[in-house]
Amino acid sequence: MRVEQLGEGEPELAIVGSIHGDEPCGARAIERLLVEAPDVNRPVKLIVANEEALERNVRYLEADLNRAFPGAADADTHEERLAHALLAELRGCTILSMHSTQSYDAPFALTDGVDALAEAVVPHLSVDALVETGEFAEGRLIDFVDVIEVECGFQGSDRAAENAYTLCREFLAATGALDDPAPKRTDIPVYRLERQLPKPVDVTEYETFVANFERVAEGATYARAGNETFVADRPFYPILLSAYGYENVFGYAGSLVGRLDEPVEAGPEPTPERG
């Protein structure tokens, strides 16, 4: 784990990149910030999390870091020990954590719910949507600290790295570390994860037929695994849906619950379900 800082004093803000080693966009954005060294009004901690996995261009070495929190100092795996150390570094900070996907080429944000942090910061970010993770946050950083996660674009792409850098600057401006925050937006839709869309693990060829954040009608075929097709038993919005992004799920079925400038209603408890 590499830890750097902009500004003087004890940081109350933090930016985290490359929790997953095959998602270099966050590390690239942090490197760019360190080279530019902007004058900040509030000190900021910059963390490249899983350096060893990043060097090998793999998601993780022994365990998925973003499923390993809170971890333990004496844990058996590298990522569980790293999770414990990372939480210690982030204690007391408001955090932006950068990721990338195989499912969507534009940025969107994730929080565990629409809270004061989301309402204050996300409207100033150039994101297509806000996703509430709710019960699907178990073991993830988002379940333990005040964090806004952002998916910056396709894994390994220059566009994702550029988006990550832009989102860093927007986050710092929205939290007062830089001047002139972007105008507050009122058009950001809010989605909620409701259930997983499992896929079999005993085949090698997968395909998806629907677009993320676009409504899938009941009866529509949304994916294929080998010779098996998967059909929606009720309408949903695909979120983080891709053929190969996850080992045992295609992604998530979600609902559109409102806009960030409107009250968001509570939803049902999510349950894993195969379509």
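**Reading the spaces**

A: Start with strand 4: its three residues are the largest share of the lining of the largest cavity. Strands are DSSP runs (E, at least two residues) and helices likewise (H or I, at least four), numbered from the N terminus. This is a predicted model, where local features need pLDDT of at least 70 and side-chain atom pairs 80 or more, while totals for chains, interfaces and linings use all residues. Residues are numbered from 1 along each chain as its sequence is written, and side-chain values use heavy atoms, without hydrogens or water.

Q: Which elements give two or more residues to that lining, and which residues lie nearest the centre?

A: On a 1 Å grid over the protein atoms alone, a cavity is a set of points where a 1.4 Å probe fits but cannot get out; a pocket is an open set with protein on both sides within 12 Å along at least five of seven lines, and lining residues have an atom within 4 Å of a point. Here 19 residues line the largest cavity, with Arg59, Ser100, Glu151, Leu240 and Tyr246 nearest its centre. The elements giving two or more are strand 4 (94–101) and strand 7 (146–154).

Q: How many cavities of 30 Å³ or more are there?

A: Volume is the space filled by probe spheres set on the points, joined across faces, edges and corners. The count is one, and the largest cavity holds about 220 Å³.

Q: What about the largest pocket?

A: Its volume is about 330 Å³. Of its 16 lining residues, Arg59, Asp64, Tyr246, Glu247 and Asn248 are closest to the centre.
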